[in-house]
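Subject: A structure for you to look at

Hi there,

Here is the structure I promised to pass on to you. Please open it and keep it beside this email while you read.

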Amino acid sequence: MKIIKEEKTPWICDKCNKELQLNKVKVVYLGGNFEVELMQCPECKMVLIDEDLALGKMLEVEKGLEDK
Ligand SMILES: [Zn+2]
(Lines give C-alpha, C1' and ligand atoms only; values in the text may rest on other atoms or scores of the structure.)
Protein backbone atom coordinates (compact mmCIF):
# COMPACT_ATOMS: atom_id res chain seq x y z
CA MET A 1 0.00 0.00 0.00
CA LYS A 2 1.29 3.35 -0.92
CA ILE A 3 0.85 6.34 1.24
CA ILE A 4 1.06 9.48 -0.78
CA LYS A 5 2.14 12.48 1.13
CA GLU A 6 0.82 15.61 -0.40
CA GLU A 7 2.33 18.11 1.91
CA LYS A 8 4.45 19.58 -0.79
CA THR A 9 2.00 19.69 -3.60
CA PRO A 10 3.24 22.22 -6.08
CA TRP A 11 0.89 25.05 -6.85
CA ILE A 12 -0.30 25.07 -10.38
CA CYS A 13 -1.53 28.10 -12.26
CA ASP A 14 -5.11 27.59 -13.38
CA LYS A 15 -4.59 29.48 -16.58
CA CYS A 16 -1.26 28.17 -17.77
CA ASN A 17 -1.02 24.86 -15.98
CA LYS A 18 2.48 25.79 -14.91
CA GLU A 19 4.07 25.20 -11.58
CA LEU A 20 4.32 28.34 -9.55
CA GLN A 21 7.80 29.34 -8.53
CA LEU A 22 9.01 31.13 -5.48
CA ASN A 23 9.80 34.62 -6.56
CA LYS A 24 10.61 37.92 -4.95
CA VAL A 25 7.68 40.21 -5.52
CA LYS A 26 7.23 43.80 -4.51
CA VAL A 27 4.08 44.45 -2.60
CA VAL A 28 2.49 47.51 -1.12
CA TYR A 29 1.20 46.70 2.30
CA LEU A 30 -0.18 49.14 4.83
CA GLY A 31 1.38 52.00 2.96
CA GLY A 32 4.82 50.49 2.85
CA ASN A 33 6.76 48.74 0.19
CA PHE A 34 7.90 45.26 0.87
CA GLU A 35 9.70 42.60 -1.01
CA VAL A 36 8.35 39.23 -0.21
CA GLU A 37 8.81 35.83 -1.65
CA LEU A 38 5.60 34.57 -3.13
CA MET A 39 4.60 31.79 -5.39
CA GLN A 40 4.36 33.20 -8.86
CA CYS A 41 3.46 31.78 -12.22
CA PRO A 42 6.42 32.10 -14.57
CA GLU A 43 4.04 32.51 -17.47
CA CYS A 44 1.39 35.08 -16.58
CA LYS A 45 3.03 36.43 -13.40
CA MET A 46 0.00 35.58 -11.38
CA VAL A 47 0.91 35.67 -7.72
CA LEU A 48 -0.44 33.41 -5.11
CA ILE A 49 -1.14 35.55 -2.09
CA ASP A 50 -0.37 33.88 1.15
CA GLU A 51 -3.28 33.56 3.51
CA ASP A 52 -1.59 35.68 6.11
CA LEU A 53 -1.02 38.45 3.65
CA ALA A 54 -4.46 38.14 2.18
CA LEU A 55 -5.96 38.85 5.55
CA GLY A 56 -4.85 42.43 5.25
CA LYS A 57 -6.92 43.37 2.27
CA MET A 58 -4.77 46.38 1.67
CA LEU A 59 -2.14 44.34 0.01
CA GLU A 60 -1.51 45.25 -3.54
CA VAL A 61 0.91 43.34 -5.60
CA GLU A 62 2.74 45.48 -8.04
CA LYS A 63 2.48 43.73 -11.30
CA GLY A 64 4.45 44.31 -14.39
CA LEU A 65 7.71 44.84 -12.62
CA GLU A 66 9.43 42.93 -15.27
CA ASP A 67 8.25 45.04 -18.15
CA LYS A 68 11.35 45.42 -20.15
ZN1 LIG B 1 -0.13 31.44 -15.27
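Let's begin with Cys-41, which is buried because its relative accessible area is 1%. Buried means under 20% relative accessible area, exposed means over 50%, and partly exposed is in between (1.4 Å probe, protein chains only).

Before going further, please note that this is a predicted model, where local features need pLDDT of at least 70 and side-chain atom pairs count only at pLDDT 80 or more, while totals for chains, interfaces and linings use all residues. Residues are numbered from 1 along each chain as its sequence is written, and side-chain values use heavy atoms, with hydrogens and water left out.

**The zinc site**

Which residues are the protein donors of the zinc ion? They are Cys-13, Cys-16, Cys-41 and Cys-44, each through its SG atom, lying 2.2 to 2.4 Å from the zinc ion. Donors here are N, O and S atoms within 2.8 Å of the metal (3.2 Å for Na, K and Ca); water is not among the atoms, so sites may look incomplete. The four donor atoms subtend angles of 107 to 112° around the zinc ion, so the arrangement is tetrahedral. For four donors, that word requires all angles to lie between 85 and 135 degrees.

Along the sequence, the donor residues follow the spacing C-x2-C-x24-C-x2-C. Cys-16 sits in the segment before strand 1 (21-29) and Cys-44 in the loop between strand 2 (32-40) and strand 3 (47-48), so this pair ties together parts 28 residues apart in sequence. Strands (E, at least two residues) are DSSP runs, numbered from the N terminus.

Cys-16, at 23%, counts as partly exposed, and so does Cys-44, at 28%.

With these cysteines in view, how many disulfides are there? The count is zero, where a disulfide is a pair of cysteine sulfur atoms within 2.5 Å.

**The hairpin**

Strand 1 and strand 2 pair in the antiparallel sense over nine bridges; two strands pair if DSSP finds at least two bridges between them. One example is Asn-23, whose bridge partner in strand 2 is Leu-38. The hairpin of these strands has two residues between them, and Leu-30 takes a positive phi near 50° there.

Finally, find Glu-35 in strand 2. Glu-35 is partly exposed, with a relative accessible area of 48%. Its C-alpha is 5.5 Å from that of Val-25, ten residues away in sequence.

Enjoy exploring!

Terms used:
Four donors count as tetrahedral if all angles lie between 85 and 135 degrees; four count as square planar and six as octahedral if opposite donors are over 155 degrees apart and all others between 65 and 115; anything else is irregular. Helices (H or I, at least four residues) and strands (E, at least two) are DSSP runs, numbered from the N terminus.
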